[in-house]
Amino acid sequence: MTSESSAPLPSLSFSRRAVLGGALAMTAACGTRLGSVFTSADTHVGTYPTVRAVERLGAILSERTNGRLGVKVYPGGQLGNERDTLEITTFGGLDLNRVNLAPLNSIEPLTRVAALPFLFESTEHMRRSLDGEIGNEILASLEPHGLIGLCFYDSGSRSFYNTRGPITKPEDMRGLKLRVPGSDLYIAMVQSLGADAVPMPLDEVYQSLAQGVIDGAENNWPSFESGKHFEVARYYSLTGHLLAPEVLVMSKITWEGLSKDDQALVRDAARQSVPYMRELWDAQVEKSKAIVTSAGVAVNEVDTAPFADAMTGMWEEFLETSRQRDLVERILALKSGAR
């Protein structure tokens, strides 16, 4: 949670790949022979809405197949960070994986579209855009890369937080060292505001904030709260610069080992997990807000126009193909004020 080129994911060290990937591949193989309890990874804690949504997907599959199919979720980064688990998923060591868009940006250009800053005007606009043909096109674009895109999950509105003081204008960010997911798009976004981007896995953020390795980061309310980042970064500034979703993918290797009927079951169960996830997500956002504000964190509103203006050039930089630009135009046409 990326180089923005179309290069393959960076390799894991041989020892880690051999141990982790080999062990998971054996688990997956055994599961297939015995019925198929799919293995799934998530970097978030076990109570996080995305984790619970994948568990719901597994419950739906189990109910519909009398226990023949199911899902075992490994939350909290037990199986590694998203870059590592995504690579493992592509060669079949993991069956399912809930990932941020950032690690997908380097392997599939269409995923950059939904990660553009200030693209979506609201959560409702984002959901309306990705629940239909636009979202399906982005999900389908992952198949040539060894992944089957099943559905999008909410990742909320992302804002900046730091240890130094409130951010009210882009100039306040100059010189700040801010963690970003490993994506050229995220790096360019932070740099356009005058800050120094520090690519880093999510599970390293708390310690890096506490030790002064970084000054801040950007994320949604639930991640800011559940990762305990609010304990050390006491300023949260509501820039709302991103509404990028997260993605649930299945290994193409696992997918092709399923019958057509089971593939249809998996797709339907994934889609059914989305409204459940959103219900949990909306409740979690309010809960996280309450926890953070009651802890005395300074939360400030922001005039987002100067931030959006500073990032204008990013759209041209990262929209390299006519297909990307077409998707953006279709998304903008779905805004509430569009005709």
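**Entry 1: helix α3 and the sheet**

I looked up helix α3, residues 82-90, in this predicted model.

**Entry 2**

I traced the strand order next. It reads β2-β1-β3-β10-β4. These 5 strands make an open sheet, and the pairing is mixed. Which strands sit at the edges? I found β2 and β4 (147-153) there, each pairing on one side only.

**Entry 3: β1 beside β2**

I zoomed in on β1 (residues 37-41) and β2 (residues 70-74). How many bridges join them? I counted 5, and the two strands run parallel. On the way from β1 to β2 the chain passes through helix α2, residues 49-64. I noted this β-α-β crossover as right-handed. Then I checked who faces whom. Valine 37 has glycine 70 of β2 opposite it. Threonine 39 has lysine 72 of β2 opposite it. A reminder to myself: side chains in a regular strand alternate between the two faces of the sheet.

**Entry 4: α2 against α10**

I followed α2 to another partner, helix α10, residues 260-294. Their axes come within 8 Å and cross at roughly 145 degrees. The crossing is right-handed. On the α2 side I listed contact residues including Pro49, Ala53, Leu57, Ile60 and Arg64. On the α10 side they include Leu265, Ala269, Tyr276, Leu280 and Trp281. I sorted the residues of this contact by type: 13 are nonpolar, 4 polar and 4 charged.

**Entry 5: α5 against α13**

I went back to α5, residues 133-140, and its packing with helix α13, residues 322-332. The axes lie 10 Å apart, and the angle is about 150 degrees. Why do I call the pair roughly antiparallel? Angles over 145 degrees count as roughly antiparallel, so α5 and α13 get that label. Is the crossing left-handed or right-handed? I noted it as left-handed. From α5, the contact uses Glu133, Ile134, Glu137 and Ile138. From α13, it uses Arg323, Leu327, Arg330 and Ile331. I sorted these as well and got 4 nonpolar, 4 charged and no polar residues.

Key:
Residues are numbered from 1 along each chain as its sequence is written. This is a predicted model: local features need pLDDT of at least 70, side-chain atom pairs count only at pLDDT 80 or more; totals for chains, interfaces and linings use all residues. Side-chain values use heavy atoms; hydrogens and water are left out. Two strands pair if DSSP finds at least two bridges between them. Helices (H or I, at least four residues) and strands (E, at least two) are DSSP runs, numbered from the N terminus. A crossover is right-handed if, with the strands pointing away from the viewer, the path from the first strand over the helix to the second runs clockwise. Axes are lines fitted to C-alpha atoms, for helices over the stretch in contact, and angles run from 0 to 180 degrees between N-to-C directions. A crossing is left-handed if the near helix is turned anticlockwise from the far one by less than a right angle, and right-handed if clockwise. Contact means heavy atoms within 4.5 Å. Ala, Val, Leu, Ile, Met, Phe, Trp, Tyr, Cys and Pro count as nonpolar, Asp, Glu, Lys and Arg as charged, and the others, Gly among them, as polar. Angles under 35 degrees count as roughly parallel, over 145 as roughly antiparallel, 65 to 115 as roughly perpendicular and the rest as oblique.
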